[in-house]
Amino acid sequence: MSNETADGRSITLSVPDMDCASCASKVEGSVGEVDGVTAISPNPTTGKLDVTFDPAAADAADVTAAVEAAGYEVAAGGPDEPGADTAAVWRSARAVKTGVAGAFLALALVVQWGVPGANATLVTALGGEWALADALFLGAVAVGGEVIVRNGYYSARNLSLDIDFLMTVAILAATGLTLAVPDENFLVEAASLAVLFNLAEVLERYSVTRARQSLAELFSLAPDTAVVRRDGELVEVPVDAVGVGETVVVEPGEKVPLDGVVTEGESAVNEAPITGESVPVDKREGDDAFAGTINQQGYLEIRVTAQADDSTLARIIDLVEGAQENRTDREQFVDRFAGYYTPVVTAAAILTAAVPPLLGADPVTWAVRGIALLVIACPCAFVISTPVSVVSGVTSAARNGVLIKGGDHLETMGEVDAVALDKTGTLTTGELSVTDVVPLAGNDAADVLACARGVESRSEHPIGDAIVEHAESEGAEAGDVSDFEAITGQGVRADLDGTTHYAGKPAFFEDLGFDLDHVHVATDGGAALADAGAAGSGGAVADELRSQCERQGCLDLVEGTIPRLQEEGKTVILVGTEDAIEGVVAVADTVRPDATAAVAALRDAGVEPVMLTGDNAGTAAAIAGQLGIDRYEAGLLPEEKVEAVEELREEFGTVAMVGDGINDAPALAAADVGIAMGAAGTDTAIETADVALMADDLSKLPYLVDLSRTANGVIRQNIWASLGVKALLAVGIPLGYVSLVVAVLAGDVGMTTAVTGNAMRLSRVRP
């Protein structure tokens, strides 16, 4: 795969055998020597290599040749071809050779110690007698060591002090010592090194393949072909050949091939591959449909809105694949540590083998101890412990409808102590409806709704939409609307039939000059009256209105109606002109069914939930009370939400913010982790948030906390266990407590198996 960039030509190669950090370093070093190469990005977790080069100085063939010169084969199928499955790992050439070498080793051990009578001398040479067991040990070294020595040769040619080079030196040294000093036979050690190191490499390949396979499962969600209506006929074509605007047909039981909008038919669609929701979603004309989802019942025709490589599923796959590029702090520590560890231990191995013999010690004994130190000089298990854990966690989250855009965000989420939650659309459904209409100043409900519909008709705010929808359902007609203006965080203004009207929060009308303490509403069903609260009203009129209000039994808006509505969790919108408030409209949102349980789960996990809202304190208190949230901040403008998040960070340390990814973008950016709700199909949310909950499902939030904390625990366990074992071996080898076989068995095979198995358990964390 290739494309032109501002810096030159960029290509992506598939290098399946590049499955560890040292492999990637070797490939990077070789490709870096190609003239014209400007950027190299190896990703051993996915087995892909991104290279940017000047086409005037190099071409793809030069890059491929450099990769092969490092000892790695470039897959012919390209980066988008499905990777090998885990079963194929055990059928690979290296696995087969490991098995054959293991058989030689096992048979040799049986002959030498189990049936010593069968261990006949075969030849006398090089000053010693060589028996059947020795021949079998040499067979194990030859078969198992071939691939190690070959890789070690490429490492030496690329001046790479990696595990392949170190193990090559160890195996050749152990074999050479035996041939040079027949009385000191180390063939069993050499054979064990060859077999056990190969076994460790096969196990490492198995773990990486499992991680790659979990990514490949995402690729398999979308079908390769689509049925398209063209010229009145249905034609099956590759999904890549379907253009935006074309219509695809999806029969019951089939997968939706591309993102689009339903134009005909109705059906229940399983969106679990994208959102993690197990309950099918009903789709009808005008509803969005996502590639990879499954049509369960009816017939659907869908107008394509995005090509295959730009679908929601494709973006999820790209982001999950790239998640490893955003390295965690612990991973950066591991890389820095490994950069010092290997040369230091290698130097220690050389000193161990060279210095004691100069002081009169047995050179063979100390040479073997030096070889054993070489075996543990490359911290393979230590280096792979973090990336394998990150991939396991990120891909597990993606399968459960949570998109984590990097290992750094996974790590940070595991350290969160407080979560700031936007109210509307996050804790509540965001589906607003009008609940109360209180007319004032001699108007009736129809007058108030007509005015409100006119002023809000051009608003894009959800509250405005709810008011307009309710007014339409009540048959309220709006006048001619002109000169519309939205005042951010306050309300809207527009001219209706030539008269300027306003609609917005009570504070908005106070800014216009109204004294809400002296605007009254009837309590006995009589006509609502307004006094001279607006600037410019005459005192005589005010006195008369106040007198009427006292006779009819009125309450102040501020002391009665507005607080009552707000205490019920409703948002109050006033409607009027510069001279009079014409009425009050109350709008209410509903709490999400899963919000209360999610908040309780966060509390149980030791995370403090804090609600941030632009609504008034009364509405905020009502919603917070329903949800069991103790802390909330109300009446916040967008920039004030940013300040609130920063204050929470000062108090708690690490804070996540959950919002819709668009209106709350500044606050999401201010938090340590920004989490977007209901991001499926929302480009802005997917691109800007650190984490995206693909469905409007708050139950995924406690799951995210649980997964992230478990991942951090796994990474810590892997890092410190690897370091601990290496430290014990590094101390025990020079003292003679650790043999060569134990060094490779514990330091390489054992730790590789332990850290990968520990990482894979992240896939078992469920919402």
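1. Arg493 and Asp495 are both buried, a term that stands for under 20% relative accessible area, with exposed meaning over 50% and partly exposed the range in between (1.4 Å probe, protein chains only). These two residues form a salt bridge in which the closest N and O atoms are 3.9 Å apart. A salt bridge is here a side-chain nitrogen of Lys or Arg within 4 Å of a carboxyl oxygen of Asp or Glu.

2. The model is predicted: local features need pLDDT of at least 70 and side-chain atom pairs count only at pLDDT 80 or more, while totals for chains, interfaces and linings use all residues. Residues are numbered from 1 along each chain as its sequence is written, and side-chain values use heavy atoms, with hydrogens and water left out.

3. The structure holds 15 salt bridges. One of them joins Arg230 to Glu246, with the closest N and O atoms 2.7 Å apart. Arg230 lies in strand β7 and Glu246 in the loop between β8 and β9 (247-250), so the pair ties together parts that are 16 residues apart in sequence. Arg230 is partly exposed, at 27% relative accessibility. Helices (H or I, at least four residues) and strands (E, at least two) are DSSP runs, numbered from the N terminus.

4. A further salt bridge brings together the side chains of Arg631 and Glu651 (2.8 Å, N to O). This pair links distant parts of the chain, with Arg631 in strand β27 (residues 631-633) and Glu651 in helix α22, 20 residues apart. Both count as partly exposed: Arg631 has 28% relative accessibility, and Glu651 has a relative accessible area of 48%. Elsewhere, salt bridges that share partners join Asp483, Glu485, Arg493 and Asp495 into one network.

5. Helix α22 (residues 638-652) also contains Glu643, which is partly exposed at 44% relative accessibility. The C-alpha atoms of Glu643 and Ala670 are separated by 8.5 Å, although the two residues are 27 residues apart along the chain.

6. Helix α15 (residues 445-456) has 12 residues and reaches 16 Å from its first C-alpha to its last, close to the 16 Å expected at 1.5 Å a residue. The expected span is 1.5 Å times one less than the number of residues. Nine of the 12 residues of α15 are buried, and the helix is mostly covered; Val448, Cys451, Arg453 and Glu456 are among them.

7. Asp231, in the loop between β7 (225-230) and β8 (233-238), has a positive phi of about 55° although it is not a glycine. Asp497, in the loop between β20 (491-496) and β21 (499-504), likewise has a positive phi, near 50°. Asp231 is exposed, with a relative accessible area of 82%, and Asp497 is exposed at 57% relative accessibility.

8. A nonpolar surface patch of about 460 Å² is made by Leu351, Val355, Leu358 and Leu359. Patches consist of residues with over 30% relative accessible area and no salt bridge, like charges being joined within 9 Å and nonpolar side chains (Val, Leu, Ile, Met, Phe, Trp, Tyr) within 5 Å. Leu351 belongs to helix α10 (residues 329-358) and is exposed at 52% relative accessibility.

Notes:
Accessible areas come from the Shrake-Rupley method with a 1.4 Å probe; for residues, only the protein chains shown count as cover.
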